[in-house]
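Here is a quick tour for someone meeting this protein for the first time. Take a look at the chain, then read on.

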Amino acid sequence: MNELFLKIINMSVSASWLVLAVLLLRLVLKKAPKWINVLLWGIIAVRLICPFTIESPVSLIPDAIGNGELVSEWMDDYIDDIDIHHPDSIYYDAAIGAGREPISDGEGGYYVVTKHDQLGEPATVENTVMPILSAVWIAGITVLVLYTAISYWHLRRRIDTAVLYRDNIFQSENVSSPFVLGIVKPKIYLPFKMDGQDTEHVVAHEQAHIQRKDHWWKPLGFLLLTIHWFNPLMWLAYVLLCRDIELACDEKVIQELDNQQRANYTQALVTCSVNRRMIAACPLAFGEIGVKERVKSVMNYKKPVFWITMVAIIAILIAAVCLLTNSADNHFLKIKREISGTIIETNTDDGHELVSFVLQTDDNKEVGILLTDETYCFSFVEGMDSETFKSNPQVEVLVSVECYRSHKSLLTDEGNQITAYDAEQIIIDGYKTDDTVTLQDGTNVDIWYYSRTTAYTLQNGVELLSVQNTIGPDNVYVAGVESLDDIDEVAKNNIIEFFHNRGLLYDTQAELEKAYANYLKMENEFDSYMIGQEISPSASTDSVIYFLTTVFLPIDGSHGYEQRIGTMFDKATGEPIDNKELFTCPQDEAIEKIMDIAGVNDTVLRSEMKAAFVPENVIFFQDNLEICFQQGTLPSQEHTYMIGLDYDDRLGEILYEWAIPRGNN
């Protein structure tokens, strides 16, 4: 709702400039036919209705209000509860990796990450004042809609007893002033006791309304007023529209009348102006308003000369071009596009700063991207921040661009003119490094860095292997379990050093060779291999913190498996603890009892488990214990085999009490 109201505000601001322009033109074209004024108001209606606009270098419409302009001193109200990190910082990446969401300040500057997983939000105009204003706006619309419905209902009740006069003309004793009512099938309502001469003049006027479709335009005007009720200029525009509609109809009726007939016509106007308040109160009805001005206009009417009419028409055309278009740099109500692709050409200024580039889109088209003073760039990719992207531009960079159609074009190195877009925001998604990996047969493989993965790609573009960035053990949070930030600093550093020394539990080069061999066999049916490693705390006691290491390994491009390893540490020192030290009995006896508790009765399987069991098979979670036998370690099992046990009394007999996670002992 806030975004919708912001768009309405922008439309209303734009329309306000149109109203001021139309008021000026009405003065300039004072001697032109009155239908010219009605057309001028129609320009405003088109501007408010049309969902898009065309660019023009002669546009007189100023820039619209942006989200950023509605943000006012929010940091002063929220600075104690937030951390502000630039998207290129390691702290920002760590917070995003922990599952926290970024908040834009609205101007493409900084992003805000709360200390409390966004239990609150910054005190911005957008999320404090805007919801209130939006609610007031909706309330105002509701009041006007109810007013229209009630006034229409009252008017319909008064004319229930109307009788047919002729054609679509009715008379009623409850009607004191003529009016037109109805949108699809409009009807004319007259009071009784009008003399014949007045009746004919009034009927001619009301029929002129119907012929000019005024019974459509006035309700449309009121609908737009209802939406933009908060803008005083819109009320002025609506009042003047209604007056200009009446004056235009008067001109249509009297242009063939002589002086005496015009005098009779003005007398009819005066007669009908008595007690007209009921009709004027209903937005869906046409009553006789502005009678004094209309009488003066009728008596002073002179048929406009041809050249005045032509000048007025030319003025309308000029006004339409200037007022119904946006300037080339004004993005108000223009359609925003999101384009993704690879940079294949770059252009820099004299200071070697990036000013534009050619993007080969995902659907293999070439478009130009122009950087402006308002363009904001940010990166989630390690090794290329926004400053590097602009100051040291390179090709073969993957980007996603939010942009608007520019009035310019871009010339490629091959001399082709291509469509260009003004970039509002550029997100760096990945880039190719200068490094390569050489396979056993001498094939070179390119290395691409992305936000959370490193990809190894053949020079024909086929991705052989995708390696997920290692996650943990620091900056990883598990519900109900401490992170490393919650324990002693010395212990924390010892644990990090342990995992650092242990390193990766997969061989990238070996997996790359496997993927390449599979690619040579599969070719067009090949799917990229994927590997990765994650380390996170899985359980905790008063003296021990447990970790789970998950290694993602491929079988082929479509299938893979997880290798799960349990590790535990003394929380006071950070020294690793052998799993065997957690059990009250020897390892062989412990595995026998675990198989008994799990109900493993197959003698072959039990024998395989005893032979394959190692301490790393044991993984402690906060609510249960898991024994994990990796794929291939049990000859009788095709896949990974896991046993899950609750911390009940039977398991408590073979585990030390201090080893059982909190809440279970």
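Is Phe498 buried, exposed or partly exposed? Phe498 is partly exposed, with a relative accessible area of 27%; buried means under 20% relative accessible area, exposed over 50% and partly exposed in between, using a 1.4 Å probe and protein chains only.

## What you are looking at

This is a predicted model, where local features need pLDDT of at least 70, side-chain atom pairs count only at pLDDT 80 or more, and totals for chains, interfaces and linings use all residues. Residues are numbered from 1 along each chain as its sequence is written, and side-chain values use heavy atoms, with hydrogens and water left out.

The chain has 18 helices and 25 strands. Helices (H or I, at least four residues) and strands (E, at least two) are DSSP runs, numbered from the N terminus. Out of 665 residues, 46% count as buried. Take the contacts between residues at least 6 apart in sequence: 63% of them join residues at least 24 apart, a contact being heavy atoms within 4.5 Å.

Rings of Phe, Tyr and Trp (its six-membered ring) pair if their centres lie within 6.5 Å; planes under 30 degrees apart count as stacked, over 60 as edge-to-face and the rest as tilted. Phe498 and Phe569 have ring centres 5.1 Å apart and planes at 80°, so they form an edge-to-face pair. This pair links distant parts of the chain, with Phe498 in helix α14 and Phe569 in strand β21 (residues 560–570), 71 residues apart. Phe569 counts as buried, at 0% relative accessibility.

Ring pairs also tie Phe498, Phe499, Phe547 and Phe569 into a cluster. Elsewhere on the list are Trp448 and Tyr450, whose ring centres are 6.4 Å apart with planes at 10°, so that pair is stacked. Trp448 is buried, at 11% relative accessibility.

## Strand β18 and its partners

Two strands pair if DSSP finds at least two bridges between them. Strand β17 (residues 453–458) runs antiparallel to β18, joined by five bridges, and Thr453 stands opposite Gln468 in β18. Four residues sit between the strands of this hairpin, where Gly461 takes a positive phi near 95°.

On to another partner: β18 pairs with strand β19 (residues 529–540) in the parallel sense, over three bridges. Here Ser466 has Met530 of β19 as its bridge partner.

Asn231 caps the N-terminal end of α8, with a side-chain oxygen 3.0 Å from the backbone nitrogen of Leu233.

Most residues other than glycine have a negative phi, and most peptide bonds are trans. His352, though, has a positive phi near 65°; you'll find His352 in the loop between β11 (337–348) and β12 (354–361), exposed at a relative accessible area of 56%. Asn364 also has a positive phi, about 65°, and is exposed at 58%. The peptide bond from Gly472 to Pro473 is cis, with omega near 5°, and Pro473 lies in the loop between β18 (463–468) and α14 (489–502).

Methods:
Polar contact = N/O pair within 3.5 Å; in protein donor to acceptor, adjacent residues only side chain to side chain.
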